[in-house]
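Here is a briefing for a first look. Please keep the sequence and the model in view while reading.

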Amino acid sequence: VLGMAWVAFAGLESLGSALPALSLNAAVGLVMVVFLLFRARRLKPSPGQLGLGAGDHTRSFLVGALTYLFAIPLLFGLTGLWGIVLKACGVTEGQDVAVMIMASSSKDLIPIALLAAVVIPWIEEMYFRGALFCWVHKVGGAAWAVVVSSLFFSVVHGLVAWGVIFVLALVLSHARLRSRGILACFVIHAMHNGVTVALLLLQKP
């Protein structure tokens, strides 16, 4: 988590553009997934406990897609409300990666979209709703797994987006428990990031 927090709070802004920032985020996230899976070995988790079971993938996909469609009004309504709260607190800048995506050159848009909507959601779900969720669930139960994974997930995305991301994390955790896997979580996460990136690109000058 410390590695991903470094990317969220320090690394992104210093890189200056979205493509290297997202690439670094993906690389650090992958390292953290491998590390946590290695640490979790002593708990002897099964693939199913890690959310990687061979369950009904069609059902998981539908659970993810329908959950996100129902959650859209909540998430984007909260985005507007959170923006009002931040302005009232004197915070006017946007999330670093969002600002960089809007400033990206046309030649970078396809790799940026793939990283933001496919690669990074899968890595983050492997980490937060996969390995971390499994480890905390084994130690403290489902409630603690939801709270801890959601808090860490929201913290590494930075203060500007914290409130919205925490609610998204609760939606993802609900899908994790309901579907007993991370495929539904990945579908939700990928759809949300894809929609967000599309909306950001529509705002490009």
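The points below go from the whole chain to single residues.

This is a predicted model, in which local features need pLDDT of at least 70, side-chain atom pairs count only at pLDDT 80 or more, and totals for chains, interfaces and linings use all residues. Residues are numbered from 1 along each chain as its sequence is written, and side-chain values use heavy atoms, with hydrogens and water left out. The protein has eight helices and zero strands. Helices (H or I, at least four residues) and strands (E, at least two) are DSSP runs, numbered from the N terminus.

**Whole protein**
- Along the sequence the pattern reads α-α-α-α-α-α-α-α.
- The protein has 205 residues, and 44% of them count as buried. Buried means under 20% relative accessible area, exposed over 50%, and partly exposed in between (1.4 Å probe, protein chains only).
- Among contacts with a separation of 6 or more, 78% join residues 24 or more positions apart. Contact means heavy atoms within 4.5 Å.

**Nonpolar core**
- The largest nonpolar core holds 49 residues; Leu22, Ile101, Phe153, Leu168 and Ile188 touch the most other members. At least two residues of this core come from each of α2 (18–40), α3, α4 (96–102), α5 (109–140), α6 (142–155), α7 and α8. Helix α5 gives the most, with 11 residues.
- Such a core is a set of buried Ala, Val, Leu, Ile, Met, Phe, Trp, Tyr and Cys residues joined through side-chain atoms within 4.5 Å.
- Leaving aside residues up to four places away in sequence, Ile188 touches Gly64, Thr67, Tyr68, Leu168, Val171, Leu172 and Ala175.

**Helix α3**
- Helix α3 covers residues 57–88, 32 residues in total. Its first and last C-alpha atoms are 44 Å apart, close to the expected 46 Å. The expected span is 1.5 Å times one less than the number of residues.
- At Ala71 the helix α3 bends by about 50°, and Pro73 follows within four residues. The bend is the angle between axes fitted to the seven residues ending there and the seven starting there.
- Buried residues of α3 include Val63, Tyr68, Ala71, Leu75 and Trp82. Their cover includes α7 (162–179) and α8 (183–202).
- Gly90 follows α3 and has a positive phi, near 90°.

- Buried residues of α7 include Gly163, Leu168, Val171 and Arg176. The buried residues of α7 pack against α3, α5, α6 and α8.
- His174 is found in α7 and is partly exposed, at 43% relative accessible area. Its C-alpha lies 9.2 Å from that of Thr67, 107 residues away along the chain.
- Arg180 sits in the loop between α7 and α8. Arg180 is exposed, at 69%. It is not a glycine, yet its phi is positive, about 60°. Most residues other than glycine have a negative phi.

**Loop between α4 and α5**
- Asp108 lies in this loop and is buried, at 16% relative accessible area.
- The side chains of Asp108 and Lys107 make a polar contact (3.5 Å). A polar contact is a pair of N or O atoms within 3.5 Å; within protein, one must be able to donate a hydrogen and the other to accept it, and residues adjacent in sequence count only if both atoms are side-chain atoms.
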